[in-house]
Each structure stands twice: as structure tokens, then as C-alpha cells.
Amino acid sequence: MPSALDWINSPLSVVQGFFAQTPNPEWEKKVVEYFKEKLKVNDAANWVPSLNDVPLHYLKPDSLVKFRCMVQDMFDPEFYMGVYETVDPVSKERMLRFGKYRDIAECGPQQEVDLNSNKSVTLERQTFYCVPIPGESPWVKETYACESQARVSPSTSYTPCRHKRSYEEDEDMDMQPSKQKDQLSGPPGVAESQTSGDSKRLETEAPSSQSNSLPGCSSPLDLNFPLPGEKGPACLVKMYEDWESVKVNDMLEVYGILSVDPVLSVLNEERDGSSSFLDTMDCTESAEEQKVRSPPASLVPRLHVLLVHKLEHNNPLLPQLADQSCESAVGFVSSFLSEVTSVRAELLGYFTHVLLGDSLAAEYLILHLISTVYARRDVLPLGKFTLNLSGCPRNTAYTENLYRVIQNIVPSSYLLGMSLHNMNSLRLVPQKDYTANRLVSSVLQLARNTSLFLDETVLEQGQLDTAGVRNITALGNLISWQKVDYDFNYHRMEFPCNINVLITSEGRSLLPADCLVHLQPQLNPPNMQEYLSALQVSLLPSLLNKFRVYLSLLRTMEYSISEEVTKAVEDDFVEMRKNDPQSISGEDLHRLLVVARLLSLSVGQTTLSRERWTRAKHLESLRKNRTEQQKCVNGNEP
């Protein structure tokens with residue numbers, strides 16, 4: 001049987017053990033079950049090094065690693081030799097080997113692959129191009145890195161073909177392990193070949209995905225990240241089963257075997273007779289497509305999947321709640337819900353200060369941040385709650401710091417300044433590049449529940465060109481229908497999404513919104529930057545973490561309305577229409593029901609009560625009165 005100490009350092013040895021014992025399809029199931037059980041033990045998952053935290057050249061080739069990522073693109077399925085036979089030309093000795101979890105067919109000294117063996121089995125696997133979750137907040141990355149107990153050291157068996165970097169950068173990279181020597185030692189056998197893993201500097205930095213003027217002429221270093229300035233590794237994730245359930249833009253946590261064989265890079269550069277060592281090689285690919293499908297392994301490693309989990313969220317403070325049978329997750333939720341009312345009160349107070357004393361705007365900001373698309377009826381997304389905060393000071397210090405406040409409590413976010421230059425020059429919608437046969441990413445390719453902060457206060461007078469109009473239309477479709485129409489040149493393809501959009505503007509936004517709240521500041525700090533910075537510094541870390549859990553947890557909760565309350569709401573609507581037919585429309589009722597739902601969830605209630613319905617009507621009345629007053633002040637407001 002495989003040693004209990006090998007599963008992280010030498011997972012292929014574990015696989016070989018099962019393959020040698022059971023040379024039939026059953027061995028594959030046993031391998032998956034073995035690693036699944038290993039990862040269930042205590043905090044075993046924390047001992048597995050993460051590609052998100054650890055530079056690539058600190059990781060041992062063919063070791064078990066994990067990767068928290070988003071699926072950016074998916075390639076055509078590829079064929080590989082699942083089982084093959086090698087033969088020694090001299091002794092004629094034959095050996096049966098497995099090709100699963102490998103990129104290169106393994107041969108012993110003086111051995112050759114017998115391509116004509118009747119024992120060979122050709123199988124299929126699916127390759128996904130995965131990138132770190134776009135816009136992931138710094139606090140999320142730091143928390144995951146601090147939880148890690150993996151111990152790594154610069155690999156002596158892998159020399160990455162890296163691009164030149166300064167001496168200072170290399171020195172900083174090499175000093176990282178020494179900073180972690182006080183960390184707890186890992187399980188026996190794991191610690192022998194791996195030391196610490198809290199290195200925050202990553203192996204690669206992605207250039208802006210907008211830097212390429214022509215999709216077909218992209219730089220070989222373009223890692224195709226959706227957002228400009230993103231850092232981290234991209235990865236070719238190779239799945240062997242159940243890949244049909246994985247879609248573009250899904251968030252995944254992948255456990256797999258790291259493949260960074262230098263031969264992969266050599267074969268990419270020199271297409272010669274040595275290519276026969278690869279399991280498959282499609283010679284019909286164009287040069288551009290070969291660059292995409294077979295990038296240098298030192299920049300884009302391969303990850304052969306043993307286990308994969310779809311992530312509901314990427315908040316490290318909150319357990320994944322998909323498995324309701326997990327007692328620890330259920331206990332965590334019950335414990336937190338017992339104090340949800342006090343956490344909400346603290347968050348409301350904090351947002352009130354951030355919004356310059358406006359408690360009504362703070363109420364609606366909470367509702368916005370816990371909203372999510374929970375279902376779709378035909379084309380209508382239910383649960384979305386795009387908020388337009390108008391009346392914001394035309395002061396970049398304010399809107400930027402407001403974004404920093406939100407970034408510090410949500411797991412993923414992005415600030416898009418809607419300046420005329422940005423609108424006319426950026427490409428917001430992903431586009432298919434048929435030359436390289438890949439999906440060229442862009443700003444609106446985001447994971448679910450990302451907070452997209454649109455700053456309209458930077459919009460100046462001028463004219464939108466064709467690209468600008470196209471971008472504004474794309475943002476409008478995202479807000480109204482929670483979908484992005486990806487550009488496939490000859491047609492558009494709808495990709496549903498679930499993105500929380502917050503718009504800050506001086507007047508009413510030129511974009512649609514589910515709810516308009518005009519900001520009425522009660523405070524006028526002499527130095528906005530100092531005021532908002534002091535607010536963030538004064539927040540206790542323990543309370544800040546509660547805010548982070550609060551916003552993520554409430555998005556996942558189920559909600560229903562009893563028949564009794566439904567009847568009361570219907571009667572109430574009829575009564576309001578009877579008294580004043582113009583007072584409430586069908587659209588107003590829909591918004592009122594959304595506000596009531598979010599208000600209920602915000603206090604941990606999963607059903608609508610009469611009290612919350614009355615509170616929702618009160619909030620909406622205050623908001624509409626404020627909006628009417630503002631119309632009187634600005635007669636030109638729509």
C-alpha cells in the first residue's frame with residue numbers, strides 16, 4: 001500500500017501503488033477516494049501548498065498543490081494515453097504504465113513506448129484555462145496565506161525559465177523561507193521536502209489585458225487576466241471526470257498534481273521529432289494557438305485534477321455551506337446568527353459615518369451588499385439590487401475611499417472609473433480570438449458576487465465614440481439583466497452573471513439602477529481623506545471580520561414568504577392603489593418586495609414578517625420623498 005507520508009510530496013507514487021495493485025478502471029476511483037479521505041483529516045487541506053500563495057519555483061514538481069481560481073476559458077477536449085506499455089529493445093521486457101495525471105509519457109532508461117500495444121488505452125480529458133479570482137481583496141489573500149501550514153523551499157529539481165528580474169526582487173524571493181522558520185513543522189515526511197509557504201510575492205505578474213491592440217497578435221507573456229494589474233499564476237487545469245458541470249467564470253478550488261516539466265517548454269519552442277514524447281500533439285494548430293495551448297510551463301503550469309470543489313464564495317472566514325451535513329458549518333452559522341442583530345447595528349453605524357452621517361443611505365448600502373441573484377424567471381434575474389448613490393461629492397478622495405471601505409469587507413471587487421477616456425478606450429466585453437482560438441478576457445469577465453463599483457463622478461463632458469456607446473450598453477445590460485454578451489465576432493453569446501453593481505454619481509446616473517438614493521451628508525470633514533482613513537483604522541479587527549462574515553453569509557440564506565403574509569401584502573397593495581392609483585406601480589411593488597426580502601435577511605430572518613414589511617414601506621417612503629425633494633431642487637433631473 002502507498003505510504004501515508006507520500007500523499008503531498010509524491011502523489012504519483014500513491015497513484016502508482018493503486019495502479020500496480022488493481023490494473024483496471026477501479027484503481028482510478030480508489031485514487032480519488034484516497035486523497036478525498038486524506039484531505040478530510042483535521043486541517044490536512046492547510047498542509048497542501050497553494051499556487052495562490054507560493055511562488056512556482058518554491059514548489060516541488062509532481063507534488064500535490066491546490067489552486068483557488070476562476071475558469072477564464074475552456075479548450076477542446078484532448079486525448080491522452082491512459083494506459084500504455086513500454087518495452088526494452090534489448091531484453092524485450094515489457095511494463096504497463098499509467099498516463100493519467102501526466103503530460104509526458106514516462107519511460108525507464110533504454111525503454112520505448114510501444115504505440116502498437118494492444119494493452120494501450122486512449123482516454124479523454126478536458127483542459128480549462130484558470131486564473132486567480134479577479135479582483136480578490138487583499139484581506140482574502142492574506143487570510144488564506146496565514147491559514148496555510150504548508151512548508152516549501154526553493155525546488156532543486158526545477159529551474160524555471162523565468163524572465164529577468166532585478167537583484168532586489170530575487171533576493172526578496174529567496175529570503176521568504178527564512179521568515180517562516182518559526183512556523184509549526186508539518187506532518188512527518190511532508191516537512192522533509194517542503195518548508196514555509198507565506199511568500200506573498202508571486203512568480204508572475206500579468207500585464208494589463210487591455211495592452212494588446214490586436215487579439216491575434218498578443219504577447220506570449222499575456223496571461224489573459226480579466227482585470228489590469230492582476231498578479232498571480234495562470235494555470236492549465238486538466239480534469240478527468242465530471243467536467244461537464246464546470247462552466248466559464250465558475251470559481252473553483254482545485255487539488256491536483258503540479259506539472260512543470262521543462263520538456264513542455266522545449267517542445268513549445270522546438271517542434272521537432274521529440275514531440276512524440278507528448279501524449280498528444282495536434283499538428284493542425286496554428287502558431288498562435290500553440291502558444292495558447294502550450295505556453296511555457298514556468299509561466300503557466302499544468303495542474304492534473306484529483307479533486308475539485310465549486311466555490312459558493314471565496315470568503316476564508318466563512319465555511320463552504322453547500323454541504324449542509326457538515327456539522328461544523330451548521331454550528332458556525334447558528335452561532336453567528338445569534339449575534340446577527342448586533343453586528344448589523346454596528347455595520348449600520350459604521351456605514352453611516354462613512355456616508356457622512358446619512359443613515360438612510362447606510363441602510364440601503366447594507367441591502368445592496370447582501371443582495372444576490374437567487375433565481376431567474378425567463379430572462380428576469382430575481383434578487384439583484386443595483387444601487388445608485390447620487391449626490392456624491394465630486395471629490396476623487398471620497399469615492400476612492402468609499403471603494404476602499406467596501407473592498408475591505410467584501411471578498412472580490414473592482415473600481416471602474418467611468419471617465420470619457422476609459423469608456424472610449426477600454427474593451428469591457430470578452431472577445432473570441434479565432435486566430436489563437438481563445439477567449440480574450442476583459443473587465444466584465446468576473447466571478448459571482450463580485451462588487452463592481454462604477455464611479456460616474458469622474459465622467460466629464462465630451463462625446464462617446466462607437467466603443468464608448470458599446471461599453472455603456474454592456475454595463476446597462478449587466479445591470480438590467482445580469483448578463484454579458486460576449487463578442488464572438490459573427491454573433492453574441494449571452495453569459496449570465498451575478499455581479500453587485502454600485503454606482504456613485506453627482507446627479508442621477510446615466511445607467512439604469514434598481515434603486516436611487518440621493519446622499520444627504522450631515523457632516524463636512526475639512527479633510528475627507530483623513531476622516532475616512534481614520535474611520536477604517538479605528539475599526540477593531542474582530543468587528544471587521546464579523547462584517548465580512550455577515551455580508552457573505554446572508555447572501556447564501558434561503559428565503560420564503562408564507563401564504564398568510566402574501567395575502568396581507570396583496571391586500572395592502574390593493575388598498576394603496578385604491579387610495580391613490582398613482583402612488584404605487586407594479587415596478588414599485590417589485591422593488592418593495594426586494595427591499596422587504598433583503599431587510600428580513602439582514603436581521604437573519606428567512607421569512608417575511610409584517611414588521612419587516614411595514615419597515616420596508618417606511619424606508620421606501622423616506623427614500624422616495626427625498627428623491628422628489630431633489631427633483632424640485634434640480635428641475636432638470638429625470
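Trainee: What should I know about the numbering and the values?

Mentor: Residues are numbered from 1 along each chain as its sequence is written, and side-chain values use heavy atoms, with hydrogens and water left out. In this predicted model, local features need pLDDT of at least 70 and side-chain atom pairs count only at pLDDT 80 or more, while totals for chains, interfaces and linings use all residues.

Trainee: In helix α7, which residues are buried?

Mentor: Helices are DSSP runs of H or I with at least four residues, and strands are runs of E with at least two, numbered from the N terminus. Buried means under 20% relative accessible area, exposed over 50%, and partly exposed in between, with a 1.4 Å probe and protein chains only. In α7, residues 327-337, the buried ones are Ala 329, Val 333 and Phe 336.

Trainee: How many residues of strand β2 are buried?

Mentor: Strand β2 covers residues 78-87 and is largely enclosed by the rest of the structure.

Trainee: In β3, what is the bridge partner of Glu 85?

Mentor: Two strands pair if DSSP finds at least two bridges between them. Five bridges join β2 to β3 (residues 94-98), and the two run antiparallel. The partner of Glu 85 in β3 is Leu 96.

Trainee: Which residue takes a positive phi in the hairpin of β2 and β3?

Mentor: This hairpin has six residues between the strands. The phi in question is near 65 degrees, and the residue is Lys 92.

Trainee: Which residue in β4 does Val 87 stand opposite?

Mentor: Strand β4 covers residues 112-113 and pairs with β2 in the antiparallel sense over two bridges. Opposite Val 87 stands Glu 112.

Trainee: At what angle do α8 and α13 pack?

Mentor: Axes are lines fitted to C-alpha atoms, for helices over the stretch in contact, and angles run from 0 to 180 degrees between N-to-C directions. The axes of α8 and α13 (residues 528-538) are 10 Å apart. The angle between the two helices is about 165 degrees.
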